[in-house]
Amino acid sequence: MNVFITGGSRGIGRATVLKFVEKGWGCAFTYVGNEKGAQETIKLAKDINADLSVKVYKLDIKDADQCENIVEKAIDDFDEIHAVVNNAAVVKNNAAVVMSNEEWDEVIATNLTGPFYLIRSFLMHFISNRKGRIINISSLAQDGCSGQINYAASKSGLIGLTKTLAKEYGAKGITANVVTVGYVQTEMTKDHMADALHEFWLKHCPLKRPGTAEEIAGLVHFLASDEGGFINGEVIRVSGGLTYAP
Ligand SMILES: NC(=O)c1ccc[n+]([C@@H]2O[C@H](COP(=O)([O-])OP(=O)(O)OC[C@H]3O[C@@H](n4cnc5c(N)ncnc54)[C@H](OP(=O)(O)O)[C@@H]3O)[C@@H](O)[C@H]2O)c1
């Protein structure tokens with residue numbers, strides 16, 4: 001079995017690559033600028049299982065042509081891809097009243113339009129195999145989050161996109177689900193999460209801690225595996241029991 005994961009050069013994406021490798025899957029993963037991080041992921045994957053095929057591709061998910069070309073190349077390299085994980089994303093936080101067009105466009109293009117381009121590029125492959133798994137990574141911001149109107153809109157947009165795919169392609173053996181992440185300490189949250197939000201999390205999350213990237217990766221792998229085959233069109237939180245963002 002082979003999986004395609006966007007944004008495997010660090011954080012949750014890297015942990016997801018390593019989880020699939022641990023479980024014996026071949027992995028195609030992408031990065032956009034951080035080649036060093038991508039090479040480190042390859043090294044860590046080889047340390048787990050040097051016999052598996054793990055390949056990295058440079059991809060700016062905002063670019064529809066790049067998505068088509070890279071998907072074609074990955075299918076060529078692996079013969080068959082069984083699952084796609086839309087993990088790559090960016091944040092550009094600001095209050096709605098002062099948010100620039102660029103901040104809005106960059107986040108929507110990366111977090112919502114990009115996953116659509118990528119999924120569209122995989123659909124014919126999945127349809128002809130009568131099998132495919134689509135897993136999109138969202139955030140508690142999907143229900144609204146102050147200072148993140150662009151990010152929240154992109155992450156709630158993924159829900160409508162995913163539920164539509166679940167209905168449109170379920171009969172072709174393709175499932176689509178959303179994994180909604182709470183708080184995991186990665187470069188994204190280190191660089192863009194306010195101290196007050198970190199404190200809010202520790203105070204209100206029933207488990208009183210952030211999650212780990214591995215805890216997200218475990219569910220992503222389950223949804224892609226045979227055991228996850230009857231789960232379709234769901235939005236599943238991995239958030240230690242905290243169901244909302246402030
Ligand atoms: N961390 C959290 O607490 C948290 C909470 C809720 C939801 N999430 C979601 O979980 C996912 C992973 O988050 P993370 O914290 O692991 O993020 P991260 O550490 O910032 O990693 C982001 C990844 O996305 C890639 N990327 C960025 N822009 C891209 C583009 N235009 N085209 C292709 N790839 C691009 C980056 O590649 P380079 O390394 O090459 O730049 C990197 O691999 C995201 O969907 C995020 O929204 C995270």
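Tutor: Happy to! Let's begin with a sorting rule: Ala, Val, Leu, Ile, Met, Phe, Trp, Tyr, Cys and Pro count as nonpolar, Asp, Glu, Lys and Arg as charged, and the others, Gly among them, as polar. Keep in mind that this is a predicted model.

Student: How do the residues of the shell around the ligand divide into nonpolar, polar and charged?

Tutor: That shell holds 14 nonpolar, 13 polar and five charged residues.

Student: Which of the 32 residues around the ligand come nearest?

Tutor: Those are S9, N87, Y151, V184 and T186.

Student: And how do I read a polar contact?

Tutor: Look for a pair of N or O atoms within 3.5 Å. Here, a polar backbone atom of N87 sits 2.7 Å from an oxygen atom of the ligand. For R10, a polar side-chain atom is 2.8 Å from a ligand oxygen.

Student: How much of the ligand does the protein bury?

Tutor: Alone, the ligand exposes 910 Å², and the protein buries 95% of that. Two or more residues of the shell come from each of α1 (11-22), β5 (132-139), α5 (149-169) and α6 (187-192).

Student: What is the order of the strands in the open sheet?

Tutor: The seven strands run β3-β2-β1-β4-β5-β6-β7, with parallel pairing. At the edges, β3 (54-58) and β7 (235-238) each pair on one side only.

Technical notes:
Residues numbered from 1 in each chain as written. Predicted model: local features only at pLDDT ≥ 70, side-chain atom pairs only at ≥ 80, totals over all residues. Heavy atoms only, no water. Near = heavy atom within 4 Å. Polar contact = N/O pair within 3.5 Å; in protein donor to acceptor, adjacent residues only side chain to side chain. Areas by Shrake-Rupley, 256 points an atom, 1.4 Å probe, with all protein chains shown as cover. Helix = DSSP H or I, 4+ residues; strand = E, 2+ residues; numbered from the N terminus. Pairing = 2+ DSSP bridges.
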